[in-house]
Amino acid sequence: MKNNSDQKNKREHSWDGIEEYNNPLPRWWLWTFYITIFWSLVYIVIYPSIPFINLASQGLIGYDSRKSLEQEIDKHNKINSEIIDSIKNNSLYYILNDNTLTQFANSGGAALFRTFCSQCHGAGAAGSKGYPNLLDDDWLWGGDVESIYQTILHGIRSDKDDETRYSEMPQFKDILEKNQIQTLTEYVLFLSQKDSNQLNFSLEGQQLFQENCIGCHGENGLGNSEFGAPNLTDKIWLYGGNKKSIQNTINYSHFGMMPAWDGRLDDVQIKQLAIYVFLLGGGNYSKAQQ
Amino acid sequence: MVNTFSSSLYSSRQPIFPKRVYGQFRNWKWCIMVFTLSIYYFTPWIRFDRGPNLPNQAVLVDLAGRRFYMFWIEIWPHEFFFVAGLLIMAGIGLFFFTSLFGRAWCGYSCPQTVWVDLFILVERWVEGDRNARIKLWRKALDWNKAILRLTKWLIWLIISVLTGGAWVFYYTDAPKLASDLVSLSVPPIALFSIATLTFTTFIFGGFMREQVCIYMCPWPRIQSSMMDENSLTIGYRYWRGEPRGKLKKNFRSLGDCIDCSACVNVCPMGIDIRDGNQMECISCALCIDACNNIMDRIGKPYNLIGYFGLNDEKRERSGKTPYSVWHHILTFRIVLYMLIWGFIGFALLFALFIRPDLEMSVYPIRNPLLVTMSDGSVRNIYELKLFNKLPTTQTFQLNVSNPISTIEIDTSGKFSNIISVPADSIQTKKVFLTAPKNSLAAKIDKTEITFWVNNIKSKKRIYAKSYFNGINQ
């Protein structure tokens with residue numbers, strides 16, 4: 001305000017009597033502006049900046065965001081090396097009895113699961129038709145933590161792994177008559193709904209079952225995790241539990257495939273995955289408590 | 001008329017040499033300087049016993065541990081609204097004081113003002129008062145000038161390092177960091193903070209000074225909107241002072257102002273208060289002291305320059321007494337600011353007193369909504385978070401109640417309904433609830449349930465509501 005009345009603070013021009021005040025910027029402001037321009041040039045020189053057709057200019061200090069990410073990962077691996085070694089060198093049951101190890105394995109397993117397993121089993125591990133739900137307590141190949149580890153390591157019916165879990169249910173459409181399959185389907189349905197007492201079973205069905213199925217599914221249809229034979233008396237059906245689905249399964253049989261992770265993931269990662277899957281809620285504890 | 005003066009678009013800084021001044025406001029400013037600087041430098045060194053598991057520093061911003069400690073108050077990240085509330089209060093407090101006393105914040109307690117005041121004190125101590133400093137400035141560089149300049153810069157630098165150094169103590173345990181600093185084994189971020197703050201303190205306090213207020217600070221640009229004719233600001237009673245002129249005996253046609261430039265010489269902003277209220281004025285009140293000393297000497301009444309509201313002018317000119325202080329203070333705007341300020345303050349205090357030691361959140365996992373188990377029972381999974389804000393480990397028992405009471409917590413295997421939460425931390429726990437096959441909860445869409453958490457020792461309990469999803473048949 002004080003300066004506005006001074007004549008000398010007006011610009012030298014005047015248009016039809018309209019004049020302009022001169023409020024000069026501080027000179028240091030100008031210098032700051034020049035310094036920022038200079039700094040941007042420094043930045044261009046020392047960091048990757050100018051894009052060419054294949055690559056950008058590399059910069060003088062060789063900065064690389066991928067490299068810095070790798071260093072960051074290495075740093076954290078180093079920080080966690082003690083706990084990672086402990087997971088590597090100890091049994092799964094030992095890990096489960098140690099809170100810190102369990103927590104570490106569980107978190108790491110969760111991340112691995114989302115990357116490698118969720119494509120089939122779903123992000124929440126609930127699976128879908130043909131892909132087992134890992135949250136329930138029904139396990140085709142065993143639900144204790146070591147069986148889960150084996151399954152992840154070698155996969156199921158994997159053609160890349162000699163130790164993979166393997167079984168194959170025959171297609172009964174070539175073995176039994178149509179009406180026999182009908183009878184057998186009704187018997188299997190009866191097995192799973194025994195407790196509701198709504199269905200009567202036919203002796204013929206029972207006989208067919210004993211002749212054809214008990215080798216794998218057991219006399220009472222309880223299944224056998226040695227051959228990945230499902231328990232037929234429970235409420236969980238991988239390929240559907242209604243009459244039509246069961247009949248379809250008997251006729252054509254199903255066998256899913258899971259890749260072996262041996263070689264694709266390291267042992268620590270597979271152990272972490274096993275712990276994670278085990279702790280999803282359906283893990284079988286009877287062995288772990290020993 | 002065309003002015004032929006050729007002016008530049010840029011101007012260099014005109015050096016300012018504020019003169020030493022004595023008086024009531026100067027003393028008041030010394031007190032505020034000692035007070036604010038003491039708070040800044042000594043607060044991190046106050047100890048406050050919080051028991052074995054927690055830091056014993058009274059004021060600590062623990063960024064790594066995500067806690068803010070202030071004496072008996074401990075703020076967790078999810079309670080950040082306390083900090084937001086304090087910042088809002090600070091903002092409204094600033095509005096309040098501005099509409100009350102003009103730029104009292106700028107003139108008395110802004111860090112820029114306080115540190116510049118301190119730097120000028122050093123400058124005066126090394127180089128002498130205004131006239132000596134002007135002389136030194138005009139003198140060509142010689143040994144004497146070089147030594148004086150270097151001494152001054154060295155002392156400024158020491159103050160700057162101490163300023164930057166004090167800042168980092170707020171973020172970690174002060175005595176430990178101090179001993180680490182001595183042995184030079186501090187993390188780079190601490191050194192970087194110290195270096196940055198040392199640099200800014202040195203430059204802003206020593207060389208930029210009023211340029212910071214005029215060109216860098218946004219506050220002078222908006223402060224006038226908080227002021228009205230009732231606001232007490234520092235001004236020149238031109239109706240009393242004009243026409244100004246040198247004091248001569250028996251020359252009665254002149255006003256009280258003898259044009260001695262005392263008010264200009266002491267101004268740290270280098271302005272003339274007699275030009276009226278202006279953006280550069282930070283209301284530091286040193287011109288009041290300077291002018292009153294002159295008035296004292298020439299036997300004229302005080303406060304030719306003083307605090308008054310713009311609406312006092314008319315009354316004073318017509319010979320009436322000016323408005324009372326209360327008239328200036330009890331205006332609608334000021335009362336409104338005070339009410340808002342007080343309301344937020346009470347709300348924060350209230351929130352602080354009802355702040356629980358234990359908090360719980362229950363998050364039902366919705367992918368999938370439910371799991372059918374092999375026996376046909378239905379399971380829901382929840383993620384439970386328990387916040388233990390006490391300095392000791394607490395053990396809790398978890399129960400679930402629901403109107404049809406068939407839902408049970410799975411406690412088989414590794415699962416247990418006893419949760420122990422370490423001191424000052426959050427425990428996350430997966431909880432599995434199961435409703436038996438064909439029970440009502442398993443069959444209907446949604447059942448309202450309540451999670452109860454009982455502290456086993458203190459018997460205190462809290463709850464959180466959620467839902468249990470059944471197979472909707």
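Q: Which strands of chain B form the hairpin with Phe71(B) in the turn?
A: In this predicted model, S3(B) and S4(B) form that hairpin, with 2 residues between them, and Phe71(B) in the turn has a positive phi of about 50°.

Q: How many bridges hold S3(B) and S4(B) together, and which way do they run?
A: S3(B) is joined by 3 bridges to S4(B), which covers residues 73-75 of chain B, and the two strands run antiparallel.

Q: Switching to helices: where does Phe42(B) lie, and is it buried or exposed?
A: Phe42(B) lies in helix H1 of chain B, which spans residues 24-42. Phe42(B) is exposed because the number of other C-beta atoms within 10 Å is 12, and a residue with 12 or fewer counts as exposed.

Q: How far is Phe42(B) from Gly164(B)?
A: Their C-alpha atoms are separated by 13 Å, while along the chain the two residues are 122 residues apart.

Q: Staying in chain B, at what angle do H4(B) and H8(B) pack?
A: H4(B), residues 111-127, and H8(B), residues 188-208, pack at about 70° with their axes 8 Å apart, and they are therefore roughly perpendicular to each other.

Q: Which residues meet there?
A: From H4(B), Gln112(B), Trp115(B), Val116(B) and Phe119(B) meet Thr201(B), Phe204(B), Gly205(B) and Gly206(B) of H8(B). By class, that contact divides into 4 nonpolar, 4 polar and no charged residues.

Q: OK, chain A now: how do H5(A) and H12(A) cross?
A: The axes of H5(A), residues 99-116, and H12(A), residues 267-278, come within 7 Å and cross at roughly 95°, so these helices too are roughly perpendicular to each other. The contact has 7 nonpolar, 6 polar and 1 charged residues. Among the residues that meet are Leu112(A) and Phe113(A) in H5(A), and Lys271(A) and Tyr276(A) in H12(A).

Q: Last one, what domains does chain A have, and how far apart are the centres of domain 1 and domain 3?
A: The domain assignment gives domain 1 (2-46), domain 2 (68-165 + 258-278) and domain 3 (172-252). The C-alpha centres of domain 1 and domain 3 of chain A lie 90 Å apart.

Technical notes
Residues are numbered from 1 along each chain as its sequence is written. Chains are lettered from A and ligands numbered from 1 in the order in which they are written. This is a predicted model: local features need pLDDT of at least 70, side-chain atom pairs count only at pLDDT 80 or more; totals for chains, interfaces and linings use all residues. Two strands pair if DSSP finds at least two bridges between them. Helices (H or I, at least four residues) and strands (E, at least two) are DSSP runs, numbered from the N terminus. A residue is buried if 20 or more other C-beta atoms lie within 10 Å of its own, exposed if 12 or fewer, and partly exposed in between; C-beta atoms are placed from the backbone. Domain bounds come from an automatic or database domain assignment. Axes are lines fitted to C-alpha atoms, for helices over the stretch in contact, and angles run from 0 to 180 degrees between N-to-C directions. Angles under 35 degrees count as roughly parallel, over 145 as roughly antiparallel, 65 to 115 as roughly perpendicular and the rest as oblique. Two residues are in contact if their C-beta atoms, placed from the backbone, lie within 7 Å. Ala, Val, Leu, Ile, Met, Phe, Trp, Tyr, Cys and Pro count as nonpolar, Asp, Glu, Lys and Arg as charged, and the others, Gly among them, as polar.
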